[in-house]
Amino acid sequence: MSGPNGMLYGGDEIGALVFDPGHHSLRVGYAQEDTPKADIPAVIGVGPATHIPDAEEKVPDGNVTQSGTKAGNELRHYIDVTELHVARPGMEVQTYMKDGQVDNWDLFEKMLDYCYAKVIRSPSEHHPALFTEAVWTTRPAREKLAELLFEKYQAPAFFLVKNAVLAAFANGKSTALVVDAGASQTSAVPVIDGYALVSAAVRSPVGGDHLAAQAKAMLGSMHIQMLPIYSIQSKEVIRERERARYTLKTLPAGLTHSWQQYMLKRQYEDFCHCVAQVSESAYDERTAASVPGLHYEFPGGYHQDFGPERFKLTECFFEQSLGAPHLVCAAASSCDADARPALWGSVVACGGVANTPGYLDRLTKELASRAPSSHRLKSHAAPSPAERRFAAWIGGSILASIGSFQQMWISSQEYDEGGKGQLERKCP
Amino acid sequence: MADILDILDIEHPGATEISRDSIIHGDKIKKKYVTAKAVKRPEGMHREVFALLYNDSNKDLPPLLPTDTGKAYKQTKAKLGMRKARKWVWAPFSNPARKDNAVFYHWKRASDETKEYPFAQFNKQVSIPSYTESEYNQYLKSEDWSQAETDHLMDMCQRFDLRFIVIHDRWDRAAFRDRSIEDLKERYYGICASLSKVKTNPWSNTVTTVNGEKRIYHYDAEHERKRKEQLRRLFDRTQEQIDEEQMLLTELKKIEARKRERERKTQDLQKLISRADSGNVPTVNPVPNNTEGTHTPSNATTNIARRHDRKLHKKKLSTQQRPVRTMEAVTVEWSGIKFPEARSTGVWLRSQRMKLPPGVGQRKTKAIEQELRQMNIDIAPTPTEAICKHFNELRSDLALALDLKNALVACEFDLQALRHQYEALNPGKTLTIPASICNATDGETKPMGEIIDVVGSPSALNSTI
Ligand SMILES: Nc1ncnc2c1ncn2[C@@H]1O[C@H](COP(=O)(O)OP(=O)(O)OP(=O)(O)O)[C@@H](O)[C@H]1O
Ligand SMILES: [Mg+2]
């Protein structure tokens, strides 16, 4: 941190952890690293512990946390893909997130247990913990989180930062208009000098999940069947658009609806990641048709080229009143006039959906046609997909390893003295 | 190997048995063969040219095989620091920037002495004025602000380091009414000002001492509000409004260009008129360089008065904002004829003085002659002194009259053109041209002075519109 000639470098790492809970996944890892250690689906499989493991399943690994006391009525929590993506009878998939914040605290506790035990592999009382939160996180949820960290996990220090602020930091800005296109929603949050303007933040429920639902509807209308991949025993190589020939696996009985839906959603998401693309300007059948199609093979073996559909799918992100451009304009115009030029000058796009090819270009273009002409518009997004998706986590990683940040933590002493009421003051 | 040496014209080094030894010690063997005879630069050859010719292949052979014989690679062991690695330890530290003395751990060199946490120096805070309850009651009471609200404001100022945009965003709207940023700033700076009068507090950002004298920052809320409002309006313009404004701006530019053009023409006309005026004065002096001097005093004063008058007119004209589109096509040249000064030396015929100067064009000459003929005047009279003078004056006046006539016709034409234009744009309406400027019918019979007045005086211009 300090060089030979008294030079002071920016970083001082104190072994802090950064958690970035989202609707799609929880990102967790050590501060000052450039990617999270783990990116865990934000759902937990809850099922009976007493089941006969499948033949291919090697059981005794520790990825399973147990709870419940009465024998026979025990519930096990299956976390992370290796456990979760296994067909287990009676395993319900539940999420702990709701409306951008943690809602089911018992489940979230299980998730944190897993993080400390399997990802961090180090006692929680050694590591200050920095959490990201959505701008509209309610006060009870924030206080509950602080309480959990200090009282259950004995964290030496804790801090909460708005994810928009961190995304701006990750892009090297302290003032930015952050467009976060996540799974459950898209939001536009103005950030001034490292503070998010809460009352100017806007959001819409159009996000990655919506896109997956759209993809499902679209494939349904095209009469293309999305077979669950775990149900396929084998498939034959066939020609394009030919009827799929496959044999099905015998699955254990009692697979829950929620689990099947979850697995299918993953598949639709995969389809979107591979196929969906944002067109340069508002969707137009003819220009979209002139772009070469993209090939996709479904789990059953059926495969075909997708042409204009790819562009049509993503139009929902740029829709009149719920799309990202509108959100940006709404957020900017509810800011003070003095702040607007700076905000228009650095629009930052982040979140998983911002990885869709063409997203940033289209956003820039739409904004250019809407932004007041007296402002210089500049939009920006991290170059690599991982940096876009993990923007908030990376910002947290940077922040928690800056020397001058170390005075900001709420320490356990402070918590003991001041209680959780000080959260509002200390973590604005 | 030998082949390459031949091609490169390198002296054959004799026994060229390739072995590890010969490769490794290659440079040593070669050393024996290096011919030391330096090629002399021929007399008169430039050094640069010689440098191009000079072949240094004997000195600095490029390696043909990758070898490890170079000095740098010869040392088998890298001479890295032979000192022991300095230890790093996971050491506790406390941060003086924290108020709670919490202990965190970080990596540091075991050898480094424990000093104050270096990043604590970045802990900078804005100093915000504080007040006691009695001070508040004495100096800061306000009808608009309760003490609770003021306290909240000061607290927010401290928390957000005077970032008023953020303060406004996080303002406790449940407990207090919504206030604009300007309201917040006004109150804050008002408090600073009142307190700095009674206290000597070092809240550096609002009070500066210039030459030992306290200067308090005065926040002009009204002005700021107006500025914000204007800014907001500027930003909230719709695309149509912006386009319209752009259109208006280009129109304005066009109008201004036209106005300049018109002024230029008015000036030209003025010149013509002034020429006509001085033509009316019976003693036109054909010698231009002493015109002023030969005027009678009364003439001089009237001339000055006129000029002054005209200047005023011109000013009025230029301040007129209305787009007057008259006289677009009128081009008025300098008119009248300046006859050359009588030559002072040598013998010359007086008829020379009657010769038109070369500046007068063919057409004008013809037109003047035509006029003269119509008046039954000989175009080449006997050049007595008196005839010479009068004949020249007459022709000068004729030239001026012709120019004015032309100008009048042009104006007349413009007027009619505009009338037609007006009637085309406003179908059904007719533009009645006031009689005072309507010369189309009886223009010829009007005396010259009146016509001039029509074109030149602003009152007439006003009446055209
Ligand atoms: N390469 C990609 N191309 C397109 N979409 C992607 C890509 N990668 C991820 N996504 C989508 O991004 C979404 C996940 O984004 P992100 O991780 O930002 O969400 P989150 O933060 O977990 O959710 P939220 O912000 O709503 O709480 C998913 O819907 C996923 O389908
Ligand atoms: Mg997110």
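Let's begin inside chain A. Domain 1 of chain A and domain 2 of chain A bury about 1,300 Å² between them, with 71% of that area coming from carbon and sulfur atoms. Keep in mind that this is a predicted model.

Where are the domains? The assignment for chain A lists three entries: domain 1 covers 17-42 + 96-169 + 391-426, domain 2 covers 172-203 + 320-381, and domain 3 covers 208-316. For domain 1 of chain A and domain 2 of chain A, the C-alpha centres are 25 Å apart. Their contact draws on 14 residues from domain 1 and 20 residues from domain 2.

What about charge pairs here? Across this interface of domain 1 and domain 2 of chain A, the rule finds 1 salt bridge. Also in chain A, the side chains of A:Arg203 and A:Asp99 form a salt bridge, at 2.9 Å from N to O.

Now the helices of chain A. Helix α4 of chain A, residues 163-170, crosses helix α13 of chain A, residues 391-400, at roughly 75°, and the axes come within 7 Å. That angle makes α4(A) roughly perpendicular to α13(A). By class, the contact of α4(A) with α13(A) has 9 nonpolar residues, 3 polar and no charged ones. From α4(A) come A:Asn163, A:Leu166, A:Ala167, A:Phe169 and A:Ala170. They meet residues of α13(A) including A:Ile394, A:Gly395, A:Gly396 and A:Leu399.

Over to chain B. Helix α7 of chain B, residues 147-159, packs with helix α9 of chain B, residues 181-198. The angle is about 90°, and the axes are 11 Å apart. So α7(B) and α9(B) are roughly perpendicular to each other. Which residues of α7(B) meet α9(B)? They are B:Thr150, B:Leu153, B:Met154 and B:Cys157. On the α9(B) side we have B:Leu184, B:Arg187, B:Tyr188 and B:Ile191. The contact of α7(B) with α9(B) splits into 6 nonpolar, 1 polar and 1 charged.

Last, the two chains together. How many residues of chain B are in contact with chain A? The count is 38 from chain B, against 44 residues of chain A. Chain B and chain A bury about 3,200 Å² between them, and 55% of that is on carbon and sulfur atoms. There are 7 salt bridges between chain B and chain A. One to look up in the model is B:Arg227 with A:Asp338, whose side chains meet in a salt bridge at 2.9 Å, N to O.

Definitions and conventions. Residues are numbered from 1 along each chain as its sequence is written. Chains are lettered from A and ligands numbered from 1 in the order in which they are written. This is a predicted model: local features need pLDDT of at least 70, side-chain atom pairs count only at pLDDT 80 or more; totals for chains, interfaces and linings use all residues. Side-chain values use heavy atoms; hydrogens and water are left out. Axes are lines fitted to C-alpha atoms, for helices over the stretch in contact, and angles run from 0 to 180 degrees between N-to-C directions. Helices (H or I, at least four residues) and strands (E, at least two) are DSSP runs, numbered from the N terminus. Angles under 35 degrees count as roughly parallel, over 145 as roughly antiparallel, 65 to 115 as roughly perpendicular and the rest as oblique. Contact means heavy atoms within 4.5 Å. Ala, Val, Leu, Ile, Met, Phe, Trp, Tyr, Cys and Pro count as nonpolar, Asp, Glu, Lys and Arg as charged, and the others, Gly among them, as polar. Domain bounds come from an automatic or database domain assignment. Buried area is the accessible area (1.4 Å probe) that two parts lose on being put together, summed over both. A salt bridge is a side-chain nitrogen of Lys or Arg within 4 Å of a carboxyl oxygen of Asp or Glu.
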